[in-house]
Amino acid sequence: MAPSNNNFDLSPDFSVLDLQDDFVVINKAPGVDVHRDGDEPGICEKVAEALNLPELYLVHRLDKVTSGLLILARTSESCAQLAQLFKEKTIQKYYLALADKKPKKKQGWIKGDMQRSRRSSWKLVNSQHNPAVTQFFTTSVTPGIRAFLLKPLTGKTHQLRVAMKSLGAPICGDLLYSDAQQASDYDRTYLHAYVIAFELKSVSYRYCAQPEQGGQFLTPQFLAAVEQWCTPETLSWPS
């Protein structure tokens, strides 16, 4: 069964894009934690309650500050199958981001090991023992603002946020990886899980979700700039 047109809002924390027998796909709002935080339920609990489902399983994660596409499994079996696809790197993921500093290069690869840094953050180092790998393109949105299309080939914690900082262009609004004063000028962290595509049980699925929150994401200039990236799978990615 191909992706359905089940697209409905049930909560300010998420909208549901598709409801399949094996999984649910949502568009998560920024500022929503996927895990339970004290008395605040995690995203699986919130979506299950909204859809009147007995239980949902977290297959992969998005940072609290990151919005966008998230797959939630409906059974432990489908969770294991989807997790295996992530492990095998057969799920394609693409993200959108904004930066207000000029990157060291305008397209290419960001590759290196990640090490713990201060304040629960990470840093990219030159060694290549178990590297985080990201491909990217950029394009100008307005003077001083650039959009980034990011393709992570690995799934490290904070990988894209660290990758952007290593380019000299931390994500707009990222309080952890950019200047705190400058970051506070923005209404959110401008990172969004944009497209996800995979095959499960011989059926191909593809989902695309535009950002729904953040003034900089909603401008006509941004939408025009990223129109060239509406099918990122077909682009000639840097080799």
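## Pockets, a buried strand and ring pairs

The lining of the second largest pocket splits by class into six nonpolar, four polar and four charged residues (Ala, Val, Leu, Ile, Met, Phe, Trp, Tyr, Cys and Pro count as nonpolar, Asp, Glu, Lys and Arg as charged, and the others, Gly among them, as polar). Heads-up: this is a predicted model, in which local features need pLDDT of at least 70 and side-chain atom pairs count only at pLDDT 80 or more, while totals for chains, interfaces and linings use all residues. Residues are numbered from 1 along each chain as its sequence is written, and side-chain values use heavy atoms, with hydrogens and water left out.

**Pockets and the cavity**

- On a 1 Å grid over the protein atoms alone, a pocket is an open set of points with protein on both sides within 12 Å along at least five of seven lines, a cavity is a set where a 1.4 Å probe fits but cannot get out, and lining residues have an atom within 4 Å of a point.
- The largest pocket holds about 980 Å³ of space (the volume filled by probe spheres set on the points, with grid points joined across faces, edges and corners).
- Its lining runs to 39 residues, and Arg-61, Leu-62, Tyr-95, Gly-155 and Lys-156 lie nearest the centre.
- Sorted by class, that largest-pocket lining has 16 nonpolar, eleven polar and twelve charged residues.
- At least two lining residues of the largest pocket come from each of α2 (76-87), β6, β10 and α3 (159-166); helices (H or I, at least four residues) and strands (E, at least two) are DSSP runs, numbered from the N terminus.
- The second largest pocket has about 220 Å³ of space.
- It is lined by 14 residues, with Ser-121, Trp-122, Lys-165, Leu-176 and Tyr-177 closest to its centre.
- β8 (122-125) and α3 are the elements that give two or more residues to this second lining.
- There is one cavity of 30 Å³ or more, and the largest cavity has about 40 Å³ of space.
- That cavity is lined by His-60, Leu-69, Lys-93, Tyr-94, Tyr-95, Ala-193, Val-195 and Ile-196.
- β6 and β11 (191-200) each give two or more residues to the cavity lining.

**Strand β10**

- Eight of the eight residues of β10 (residues 145-152) are buried, so the strand is largely enclosed by the rest of the structure (buried is under 20% relative accessible area, exposed over 50%, partly exposed in between, with a 1.4 Å probe and protein chains only).
- Ile-145, Ala-147, Leu-149 and Lys-151 cover one face, and Arg-146, Phe-148, Leu-150 and Pro-152 the other.
- β6 (residues 92-99) runs antiparallel to β10 and is joined to it by five bridges (strands pair if DSSP finds at least two bridges between them), with Ala-99 opposite Arg-146.
- β9 (residues 132-142) is also antiparallel to β10, through eight bridges; Gln-135 has Lys-151 as its bridge partner.
- β9 and β10 make a hairpin with two residues between them, and Gly-144 in the turn has a positive phi of about 90 degrees.

**Aromatic rings**

- Eleven aromatic pairs turn up in the structure (rings of Phe, Tyr and Trp, using its six-membered ring, pair if their centres lie within 6.5 Å; planes under 30 degrees apart are stacked, over 60 edge-to-face, the rest tilted).
- The Phe-23 and Phe-198 rings are edge-to-face, because their centres are 5.5 Å apart and their planes at 70 degrees.
- This pair links distant parts of the chain, 175 residues apart: Phe-23 sits in β3 (residues 23-28) and Phe-198 in β11.
- Phe-137 and Trp-237 make a tilted pair, 4.7 Å centre to centre with 45 degrees between the planes.
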